Structure formats: C-alpha cells, structure tokens
Amino acid sequence: MDETPDTGVTLASVRKPSALGLTFAIDPAVCQTVTVTVTAAVYDPVDKAGSPTTAERAERRTTDEQDLYWRRRPLTLAPVEVDVTELRQEPRPLAPGLELRVRVRRPGGPRGVVAVTTTLVNTHEIASGQIQDTSCFFQTQIRVATRDGSLALVERPAPPSADDEVTLSRLLHRHAPNFATGHGCAADWHWRPPTPRDLRPQDCAPAATSAVWSEFVPSHEVLLTDSNPDIDVDSLGMRRLADADDTDVVRALRGLTTAYGAWIADRGIDAATLRAHHRVDADFAQVLDRQLELCDRARQRMDSGIALLERDPQAMRAFRLANRAMATQRARTSWIKKGKVGEPVEDGVWRPFQIGFLLLCLDGITDPNHPDRETADLLWFPTGGGKTEAYLGLIAFTTFLRRLRLGERGAGVTVLMRYTLRLLTLQQFERASALICVMENMRRKEPEALGDEPISIGMWVGKAATPNYLTTKQDKEKSAETGLRRLADGEQLHEANPVQLRSCPWCGTALDHHAYTVEAQERRLAIRCPNAGCAFHGGLPVHLVDEAVYHHHPTLVIATADKFAQIAWREQVAAIFNQDIEHLTTPPPELIVQDELHLISGPLGTLAGLYEAAIDLACDRPKIIASTATIRRAQDQGKALFDRPEVAQFPPPGLDARDSWFAVETPADKKATRRYVGLLAPGTSQATLLVRAYAALLHHTALIDGDDSTRDAYWTLVGYFNSLRLLAAAELQVRDDVHQRLELLASNDGLPNRRAREVDQLTELTSRVASSRIPDKLKELETGWPKTASDVVLATNMISVGVDVDRLGLMAVLGQPQTTAEYIQATSRVGRLHPGLVVTLFNSARSHDRSHYEGFVPYHAALYRQVESTSVTPFSPRARDRALHAAFIGLARLTLPDARPNTAAGSVKGYADRLVDLRNALVARARNIDPVEADHVAQEIDWIIEDWCAYAADNPNLVYEAPRRRRPREKRPADTALLRAHNDDDLTEAIDTMWSFRDVDVESDLYLEA
C-alpha cells in the first residue's frame, strides 16, 4: 500500500490545470484542527430566453447567430474540518466532480510543527473532443483557518545552515515570514509585522497567523526606503558646512555620530530582548553581536574622519570647498530643471547617509598608508536614494585636497569612475559634468591654491558612443571632425557621435553640433555654450574624444569597465594613469569609483577582476569605493575584484532590514509605494497574456478620473523584456493586436461614442538603439501627458540602471528575470514620485516563473532577501586562458616606459628583469585572492615571458599591434605582432587578445541562400 496519498498537486502544473492547492504549517500545540473553506462556481448553458439548454460546440466559420449563453451559478460547499494529528486523510467530495484532498506530514523541527497540503481537484473525466465548459469550475479558492481563530499557522522549519549569510538574512528579514506556498496559485494571508526597533517580548515570538488562502491574482504593496526623517539635518546644509567656522562644523558632524551611537546602544537593548525571548541559537547570537560591531565600527570611522578635519587644516579646507561645490551644483541643477526661474538657491542639505559615507572614507583618501586604504567601502542604498551625490562629494573632496597638497603635481587624472552599461555612463556623465563645471569655476577664482590646470571631466567609452580621434587624418570615417560634418549635413549618427552633451551643465542652454568645434592644434573638441552670459561661453571643461582625454588628463575620467581591456593594446592608455607625465612626477589616480557593483559579476566580473590587478598596481593601491542597491556576498566579490581584505558595507543594516538608522522603511502616507501584481495564464499563450494585459492597462489609464499629473504618472507603460527576441515579437503585437484589443475594450465599455486609445508613441530602449539616439530617447521619456508622451516603452536590461525619470509609474514585466537583482533594478524605474504599479506576466511553461508566482507574496515581502550571490573568479583556468597575458602585458605597458611604445614588444630583453617584478606582484595578488591557483598563475606568467622573449628573438621588429590590412584579404607575416584580435586570422603566431570584456568568443557569420 502506498503510504503517500495522491494529492493531485501535479495536476496544478499542466497546461489546463485540474487542481490547485496550498501547503502550510501548523503548530499542533496551539491548535489541532483547521477549517478548510472552498468557494467555486460553474457556468450553466442557457438559451436567449434564459432557459436551460444543452451546450454544443459551435460550428466553425458559421455565420448563423449562436443561441447559447452562460449563466454563473455559485456552489454552496460545506466547510471541511481537518484534524492535523491524523496522518491518514481520505478525499472529501464537495460537489459532483470536485473533491478536497489532504496530506498531513509527520511533525518535524524542535516545536513539532506539522506540514499540511490541501488540494482542490476537478475529478471530471472528459472524452476527447467533448465540450469541457460544463465540467469546469471557476473562481475557485481554498481558505484555511484555525477553528478557534488562534495564531497557529506558522512558518515551516528551515533546515539549519552553517552559512552566516543565511543566518544574517533570517535576522534581517524576520519581519517577512512565509506561511504558505501555492500549487497552481499563489498564497496570501494577513500579518502585521512588529516595529523594527524598541522590541517588546511579544515582538520576538515566532511569527504566526490564523488563516491563509489561495489567490490567482496575487499582489503585494512594497514600502520603499528613504532617509530617516527623525534625524535632525538642519545643521547638515551644504552651504552651512562650507561657510561655518571650524567649531560649528565639527559640532554639527559630531551631532550626527552621537545620535547614531545612541541608536546603536538602543539596538543593543533590542539584541538582548531577542536573546531572551526569541529562540536564538549560537549562530544567531553571533550574528547579532557582529551586526552591532559593524555599526559601531562605522561610527568610529566617521568620528575618526571628523577628528581628521579638526587636526588637518588642508583637509578641512578641502571639505569646505567640496561642500560649496556640491551646494552650487545641486542649486544650479534644480534651477535648470525648474525652468531657470529667478536665481539658483543654494539650500541643498546632505542626507545623513551621504555625509556619513563621506566622513567614513576621509582617512582612507587622505592618508595612503592608513589601514582604511585597504578597505573597499561599499555604499549600499536602495535605488533612487541618492548614492550618486554621496560619491560626487567624495570626488570633489579628493580633487581639492590633492590640489591643495601637491600644487602643480596635483593635476592630472585624479578619479576613475567606472560603469558597465553605456546608458548609465552617459547619464552619470551629464550629472558629473555639472559638478566639474562648478569646481572649475571655483578654481578660476583661486588659481594660486587650486592650480592653473583646469578641473575637467573626460568620457572614455569607445567608438560605439564617442569618436576615438579628432581629425580625419587619424580616422576618416569615425573621427569627431567627420561626425560634426555629417551632422551639419543633416545625417543621423548611429555611432562615434561627438555630440554627447545636449545642454550646458552650467546654465542649461541647449547644445547642438554648432557648439562643437575640433581644435586640432589644441588637441581637443571644444564645446562652447552659445549663451554669451554663461561662465563657459569660452568652452566647457569636458573631453569627449579619446585622443583629447589622453592629451589633457581630465581630473575625472568616466569610463565603461570593458574599455580597460585596451591597456594591452594602446600605449596612450598610460595617460589615464598619469604615467606619461614624467617631468612632474604626478601621482596616479587616487580614487576609483565602481558604480553598480552587482553588474561586475559572472564572466564580465571575472575578466574585470583579472584586469583589475593591472589597474590596481598601476594606480599604486588607490582608495576603492563602490555602490549598489542589490548585492549579496559583497565581501567575497570585493576581495576577488579588488584584493582588499575587507569590504565594508555602509550603512550597516543593523538588526532589521527596515531600519539602519540612516535609512528606514517609509509608510505609504509619507512616500510613494510600489504595488506588484502577478498574472499567470496557463491555459493560453504568453503572447495572448501580454496583449490583454497591455490593452487593459493602457485602456484604463486613459479612463483615470484625475488631473493631468495623476494621469501622466500612468500614461506611459514601460514594458520590460528579458531578451531582444521577446521584445521584437512584442513590438509587433503592440502595433497590431493591442490596437485591436483596445478597440474591443472601448466598445465594451458602455460608452459607444468613446474612441479607443491610440498607441502611436512607441519608444525602444535596448542595445539596438544607436548610442547617439539614447540622450534623445531619455528626453522623450521625460515628456509628460498631455504633450506627446510615449504610450509604450519597450526595454531590456538597459533600463535597469541609471534611468531616473520620476514621472514613470506603470510597468509590465514579461517573464520573471533571471536574477532578483535585475528584477529589483528594473522595476525600481517606476514609482519614484507617484505610487507605482508593476504587473509581472509569468510564463506558465517555465518552472522558474511558476515558482515565483506560487511564492509571490513572501518573495515580494522581502525582495532583498532573495538577491542571489554573484561569482567572480579572476584567476580561474579559463579566465587565465582568456586574459592573463593581456593583464600582464597591459601592466608592463602602463608601468614600464621602455615597454610602452608599440615597437617596444621586440625589445623585451631590455626590460625582462623588470617583468619579473611585475610577475611577482601579480602572483602575490593571486595568492591573496585564490591561493589554490597562485602557483598556476606563476607558471603561466613565466611561460608568457618565455614565449614573448622567443617571439622577439625571432622577429626584432615585433610590435604589440599589427598595422591594419590595406586590403581585406591581405596576408601579413604571421609573426608580425605579439597580440591579435579575433579577426586577425593571418597572424597565426600572435596571442588571441580581447579588445573588450564582452568579446567572449569568435563571431560566426550565417549566410542564408534563397
């Protein structure tokens, strides 16, 4: 006899489900009996007069009027009592063809919790070809409640884990329990979590509820995080910190850390309450202690930063200048955004976490020998919270301090800022340009203190976005000169577009190609604001062409991460590290900012970590800061990427994910929320689901009874897709099927004169869009209703970072994204200013989607708990195969002047002894990060040096990069170059080397013959 009863759960996963169910847990010590209430309805066939009739399948292609209608009939079903102490449960018939099946498992865990599965099964059997409608049940629901209303439904016991990360997640998200899982449906319940602070004994009891139920259209409202409104920020005004005397500045900053210290002490009391009244094991207790230690460590570092300002006049002056620059930058940016009415008002105030992070990093930036220089500081704050301003403040401080201390030697590239996506790079470049303009304006007024070299910004992203060269002499097709000429002729540039800034960062005046001029003698692309009253009418401190970036050494260089693959190919890249300014002994960049750290993972992160070894050594161990809104196991990722023994997250999360003191979960009446809704349609295709969902959302948006701002918040539907293939199909559906569905909805609305909503403004944000068009696309998104606002925006993961358009409030996600980090980042684009609505259209054919649908409520109750850990293995065998030689050769060209020229590859014997020193440095790094692979790294670098010397011995004219072929099939000598790209098939003796981290493999051409 089979001891495991057939609950019919598998029938919930078929294309046309015949079952739905719930699995929940109950504490029999509290209650032993639950009441299962089932609701359902059937539809009876009737004729036009309303009399019962027999349902028959309509003949296809008939023009005859059908005399068949359906009338809903709710079923009256008696509640079922289930004794959870009885393991053997018989099926309970509820109505003809409908029965309830129950499986009770044996008690488990220290509390003897019982897991129960209840399944509602349609037992009708239908012959092939027979009409099914009369045998279907509709609007079904299972509701399970304790008989006496007691709080006996609890979480299922989690298996013990030796992973501290899992234990920490249990602590931080204990406010979001999971009471049930759906089968073919989602599960929901009512439960109000205790407050995150000032815990009472009853707040520490295990979470429990009295009822759970099934839900076919689950939804959950996510409260958003914001800066703590209880912190007094009146003394944290940027201009006030710039102008107040030293005593007042220190007093204001000490007030912040003192209040944080008091909060930490209170959390110590909460930890004691948890130990006394929560079932805490030893691992849990250790995590409690460690969390409080991390908070106190952050407070100590902030206090140390304040002490530095007290004792170091130059640091205090740099801090004041940074505050003045940030105050002016924020004022002017806000003034431009509001239409340039009146004069800019410098009333900017630091958010506590922003100024806290700045203070935290001061020691590591100011003193290269300080222990904090060996800490990579990770700024963790939810999307849209203001991370950018925090590290812009650090950039300003670092730049001013360097110039105050080093004088003329303090010029050159000071900060490297890296991104992974071109859209993000373009947006952040515009933001940072505003700050750089302010800082340059300040420098002009104090050249004796801040030097004669302009404070400037450069974009270093590759020719898909910006030109590599200024004049046609270097590049006939894609130089800045050629691009400007083509723009003047009215052409659209799809790549290598020199016009990246569309408005003046200082005064907001529109810029077009007329404002751009190539000045070959000065080796720059001059951008002159046409406003004669602008401080930068004579030229903006901005460099957009690689050649100009190399020549002028901008103070801040914003780059895509994969651009650094060029260190092995181009000698000019040494200019990014100030290695070519030998007469001044200008130090290399002192600060590296890695934004959106979670994107530096997987294959991209692995390769970035390998090249990072060369970058870190070329910069002589700079201060590393990173930022993200979604990451897990940051310690492991940071160590593998940056070779730093510690990655310090700020703000530390404390004891509850909802309250880190600096950031708190905000009630719905104080800040816009984001409601997530899940749709799964197993009986139809996902394309049909998309058409109907899109049409319904667009139709009802047009019917909103509200003012223009309310309607505008939901006028633009953002469609998110996991692949270009799905997006391309959806584009056709939006242009055709959605239009037809909108007409049907309009006719069914009861208002015959109402026209269907027109969906004419369709925008795409994907990698298929030319870089030159992206700024225009972003401007289009900012255009609100009733102007020509976009109706639908179709986007891939390009939109998931850096698109900050406050007016967006409506999104539809087709298919659950592969990672939770991507899901959070993408859906955070809506609901910034107004409450947001996100509708996820699950694919019933994918188990990944179905799993997220069945656990919809607990998943969204603690989204950050679900963020997956990332993998970065820079010294793994396959990564070494791909790029170890490039990182090593790049390091040699960056740090050894004799190895830098293209022709120096053939004279390797002259500096081979110094290559050994670089080899030892790389091996030492590998030993810190991955000791198992360190010996292999040493051996392979020895082989690289050996082969390199052998190549040079055979060909004294060896170069790193071979000259271009003059004709497509020209054959160059096989041993011409040390390196070759994937398309250099004639250089058979050279080493395959990537131009970009994304050059993962050779491309294959596919030819289709008619």
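**A walk from a buried arginine to a covered strand**

Let's begin with Arg443, which is found in helix H8, the stretch covering residues 422-445. Keep in mind as you look around that this is a predicted model. Is Arg443 buried or exposed? Its relative accessibility is 7%, and because anything under 20% is classed as buried, Arg443 counts as buried.

What does the side chain of Arg443 meet there? One partner is Glu440: the two side chains are joined by a polar contact of 2.7 Å. Setting aside neighbours within four places in sequence, the contacts of Arg443 are Arg403, Leu450, Gly451, Asp452, Glu453, Pro454 and Ile455.

Now move to another helix, H5, which spans residues 313-337. H5 has 25 residues, and the distance from its first C-alpha to its last is 36 Å, close to the 36 Å expected at 1.5 Å a residue. Just after H5 comes Gly339, with a positive phi of about 95°.

Our next stop is strand E24, made of residues 623-628. How many of its residues are buried? Six of the six are, so the strand is mostly covered. The covering applies to both faces of E24: Lys623, Ile625 and Ser627 are buried on one side, and Ile624, Ala626 and Thr628 on the other.

Strand E24 also has partners. Strand E16 (residues 375-380) runs parallel to E24 and is joined to it by four bridges; in this pairing, Leu379 stands opposite Ser627. Strand E23 (residues 591-594) is likewise parallel to E24, again with four bridges, and here Leu591 has Lys623 as its bridge partner. Together, E23, helix H12 (residues 602-618) and E24 form a right-handed β-α-β unit.

Finally, a word on the cysteines. A disulfide is a covalent bond between the sulfur atoms of two cysteines. How many disulfides does the structure hold? The count is zero. Cys619 is in no disulfide, and its nearest cysteine sulfur, in Cys361, is 17 Å away. Cys619 counts as buried, at 3% relative accessibility. Cys949 is buried too, with a relative accessible area of 12%.

Notes. Residues numbered from 1 in each chain as written. Predicted model: local features only at pLDDT ≥ 70, side-chain atom pairs only at ≥ 80, totals over all residues. Heavy atoms only, no water. Disulfide = S-S within 2.5 Å. Buried < 20%, exposed > 50% of the residue type's maximum accessible area, 1.4 Å probe, protein only. Helix = DSSP H or I, 4+ residues; strand = E, 2+ residues; numbered from the N terminus. Pairing = 2+ DSSP bridges. Right-handed = clockwise from strand over helix to strand, strands pointing away. Expected span 1.5 Å × (residues − 1). Polar contact = N/O pair within 3.5 Å; in protein donor to acceptor, adjacent residues only side chain to side chain. Contact = heavy atoms within 4.5 Å.
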